[in-house]
Amino acid sequence: MGGSPASSAVPPDASSRAEPIRTMIVDDHALFRRGLEMVLDEEGDIELVGQASDGTEAVEKAAESLPDVVLMDIRMPRSSGIEACRAMKEAAPSAKIVILTISDEEEDLFEAIRAGASGYLLKDIPLDEVADTVRAVYGGQSLINPSMAGKLLTEFATLAKREADTDPTQEVPAPRLTEREMQVLKLVARGMNNRDIAKELFISENTVKNHVRNILEKLQIHSRMEAVMVAVREKLIEFS
C-alpha cells in the first residue's frame, strides 16, 4: 500500500478494552472473507459477529448483530457497498463502516464518504494492519488510503470552486456551531484524532468526543469525513 493508513495510531489501552470490538466482514469473495477472518480471530479485543456476501445480506445481518465496525467491499451483487452503507446507517446507526476495495475511482471514494463511511482503504493494505484499522475507526478516527487522500482533497477543492463559480454571490449559511466546536471541526478537517485534538486545545478526550458528536448532529452528517466536506464549504481549509 506504500505506507500505513493515515491517522492509524491505536490507543494504548485498545487490547485491554473490557468488551471486544464487534466486527462484520462484507465481501462477495469467500477467500478474501476467510483471510480477514483468520487475521481478526487472532485478536483478543476483536470479535467477528457476522459475514455477508452482498449489500442486502449485510444490512439484514447488521440489523441483527449491531456491529461496531463493518469492513465492506463496494462491488457486490444485489446491492453495492455504497447502497448498503446508506441503508446500514438506518439499520445499525452506531456501526462505523470502512470501505475495503480494489476501486481507486474518485467517484467511488466520494460517494462512500457521502454515504457515511468512516474510512476508504484499498485491498492492498497488509493484512496485519487490518486489526489496527478496526481499532482506529472504532476509536473515532477516519482513515483513507494515502494514495486516495490527495484525490479526495482535489475533489473537495473542485466542488468548492464549482459552487463558487455557479453563483459567486451566494453565501452558504454558516453552521450554528459554538466557537469551540468550530475549533474542533478545523482540527478534525486536518485529520487529527481525538487524543491529538484534546492536547491541542488543552481539554479532555471525552470533551472532544462530545464536541464531535454535537458537530455531527448539528450539521446532520454521519462521519468525520463529511465534516471535512463541510470545512471545505465553509472555507475552513484553503487550497493552493
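Student: How many bridges join strand 4 to strand 5?

Tutor: Strands of a sheet pair through backbone hydrogen bonds, either parallel or antiparallel. Here, four bridges join strand 4 (residues 96-101) to strand 5 (residues 119-122), and the two run parallel. Isoleucine 99 has tyrosine 120 of strand 5 as its bridge partner. Strands (E, at least two residues) and helices (H or I, at least four) are DSSP runs, numbered from the N terminus. This is a predicted model, where local features need pLDDT of at least 70, side-chain atom pairs count only at pLDDT 80 or more, and totals for chains, interfaces and linings use all residues. Residues are numbered from 1 along each chain as its sequence is written, and side-chain values use heavy atoms, leaving out hydrogens and water.

Student: In what order do the six strands of the open sheet come?

Tutor: Two strands pair if DSSP finds at least two bridges between them. The order is 2-1-3-4-5-6, with parallel pairing. Strand 2 (46-52) and strand 6 (143-144) are the edge strands, each pairing on one side only.

Student: Is helix 5 mostly covered or mostly exposed?

Tutor: Buried means under 20% relative accessible area, exposed over 50%, and partly exposed in between (1.4 Å probe, protein chains only). Helix 5 (residues 130-138) is mostly covered, with seven of its nine residues buried. Among them are Val130, Thr133 and Arg135. Glycine 140, with a positive phi near 105°, follows helix 5.
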